[in-house]
Each structure stands twice: as C-alpha cells, then as structure tokens.
Amino acid sequence: MSSIYLTVAIGEVAIAALLLIRLASGPTISDRIVALNAISTQAALATVFFAAFARRTVYLDVALWLASFSYLAAIVWSRYLERGLL
Amino acid sequence: MSEGIVIALAAVGGIFSLTGAVGILRMPDVYCRIQCSSMIITMGALPALVALVVGEGPLSTYGSRALLVAALLLVVNPAASHALARAAYKTGVPMWPGAVADRVRDTRASEAQGEAQ
C-alpha cells in the first residue's frame, strides 16, 4: 500500500514540474499566477501522500498550510493586480 | 479489494491532474488556462485524496486530514480562480483572437446605451 502512496506523490511532483514550463514562459503575469496556484495544489497533494508513505504526521500540517496559503497567495496577487496595493 | 479501489482512484486523479497540466500548457489564453486550473486540477485532487481516505479509513489520522484538505481545496480553488479571472479581465489581458463572445463588454455597452437614452 505504501508503494502506491509513493508513486502518487512522485506523479504529482512530475505534474508540478510540467507546470513549471508555464510558470517560466507565461506571457502575462496572470498566466504565471494560474500556474503557481496549480503547482501549490499539486504540492499539497504530494505532501499528503508523502506523509502517508513515510508515516510522519507532521507533514499533514504542512499540506494543510500549503492548501490554505495558496488560496491566500492567489487572492493577494489578484487584489494587487486589480488595485495596485496590498 | 481495498487496494484495487485505491489504485483505481489514484489513477483517475493522476490522469485528471495530467490533463489539467497539459491544458494549462497548451490553452491559448489566460481565461482558458484558468478554466483548466479551476475545474480539472480540483477534480484531479479529489479522487487522489479519496483514494487515501479509502486506503487509511476516514477516521484515521491520515484519512481525516486528507478529507480536510479535500474540503478546503473544493471551497478554495474555485474562489481563487474566480478572483484571478476577474483581476485578469480588469487589467486588460487580451483574449485569444478566435474568441467569439465577451459578455461583460456586451453588457456594459448595452448599459451605457441605456443611460445615454
């Protein structure tokens, strides 16, 4: 069972690496923020599955933090784009 | 039995996540990319987390946290995508030249016409 978890974690990291292309080459800043939002979702998923693989409950808190703060980052970035202030 | 369900759900989640990533890479403008990011990435995350819940049990430490992350992503990802799309439209990010409809511009034009008359 734990090998399945490791496979899923590595797969999500590979998908995040694919998204790095869009993060590097996005023509506008909105494209980069979209890619960054998707990458942080994948990172939260990979952290949850790595926690289940390595039997470390500490990583679960890291995943929760990632999932909630990616939302905060997207909201702050879009607010900055709209109004020019934070 | 349980392991088969876990493998199936994880495979579904992985395929959806891969589809969303390819969509973000290949789509022509930022609004189409936001669509891929908001729906397909979320839909890829949920089956993978449900796979963990099935594998560990919903009341275990890992399963309950996976459920919490799934609920959080389900609420938070569409809201963030909506804010991003709104910001992109307001800052004037150009649409793909082949786009056929801009309902916001049409509504604003008809409202301005109504005020002028």
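This is a predicted model: local features need pLDDT of at least 70, side-chain atom pairs count only at pLDDT 80 or more; totals for chains, interfaces and linings use all residues.
**Figure 1. Chain A, helix by helix.** Chain A has 3 helices and 0 strands, where helices (H or I, at least four residues) and strands (E, at least two) are DSSP runs, numbered from the N terminus. Residues are numbered from 1 along each chain as its sequence is written, with chains lettered from A and ligands numbered from 1 in the order in which they are written. The C-alpha trace of chain A spans about 50 × 25 × 10 Å along its principal axes. Of its 86 residues, 47% count as buried; a residue is buried if 20 or more other C-beta atoms lie within 10 Å of its own, exposed if 12 or fewer, and partly exposed in between, with C-beta atoms placed from the backbone. Among contacts in chain A between residues at least 6 apart in sequence, those joining residues at least 24 apart make up 45%. Two residues are in contact if their C-beta atoms, placed from the backbone, lie within 7 Å.

**Figure 2. A:Leu23 and its surroundings.** Here we look at A:Leu23, which sits in helix α1 (residues 2-25) of chain A. A:Leu23 counts as partly exposed because it has 17 C-beta neighbours inside 10 Å. Setting aside neighbours within four places in sequence, A:Leu23 is in contact with A:Arg32, A:Ala35, A:Leu36 and A:Ile39. A:Val34 is 11 residues from A:Leu23 in sequence, and their C-alpha atoms are 8.3 Å apart in space.

**Figure 3. The loop at A:Arg55.** A:Arg55 belongs to the loop between α2 (29-54) and α3 (58-83) of chain A. Its phi is near 55°, a positive value in a residue other than glycine. With 10 other C-beta atoms within 10 Å, A:Arg55 is exposed.

**Figure 4. A:Ala74, with neighbours in both chains.** A:Ala74 lies in helix α3 of chain A. Buried or exposed? A:Ala74 has 25 C-beta neighbours inside 10 Å and therefore counts as buried. Leaving out neighbours within four places in sequence, A:Ala74 is in contact with A:Ile33 and A:Asn37, and also with B:Ala80, B:Ala83 and B:Leu84.

**Figure 5. The nonpolar core and A:Val48.** The largest nonpolar core has 59 residues; such a core is a set of buried Ala, Val, Leu, Ile, Met, Phe, Trp, Tyr and Cys residues joined through C-beta atoms within 7 Å. Those with the most contacts inside this core are A:Val48, A:Phe49, B:Leu49, B:Leu52, B:Val69 and B:Leu84. Two or more residues come from each of α1, α2 and α3 of chain A and α1, α2 and α3 of chain B. The element giving the most to this core is α2(A), with 15 residues. Not counting residues up to four places away in sequence, A:Val48 touches A:Leu60 and A:Ala63, as well as B:Leu49, B:Leu52, B:Arg65, B:Ala66 and B:Val69.

**Figure 6. Where chain B meets chain A.** This contact takes 41 residues from chain B and 38 residues from chain A. On the side of chain B that touches chain A, the elements giving two or more residues are α1 (2-26), α2 (30-56) and α3 of chain B. α3(B) gives the most to that side, with 17 residues. By class, the side of chain B that touches chain A has 27 nonpolar, 8 polar and 6 charged residues. Ala, Val, Leu, Ile, Met, Phe, Trp, Tyr, Cys and Pro count as nonpolar, Asp, Glu, Lys and Arg as charged, and the others, Gly among them, as polar.

Figure 7. Chain B has 4 helices and 0 strands, and its C-alpha trace spans about 70 × 25 × 20 Å along its principal axes. Its helix α3 (residues 61-90) has 30 residues, which at 1.5 Å a residue should span 44 Å, and its end C-alpha atoms agree at 43 Å apart. The expected span is 1.5 Å times one less than the number of residues. A kink of about 25° is centred on B:Leu73 in α3(B), the bend at a residue being the angle between axes fitted to the seven residues ending there and the seven starting there. After α3(B) comes B:Gly92, whose phi is positive, near 80°.
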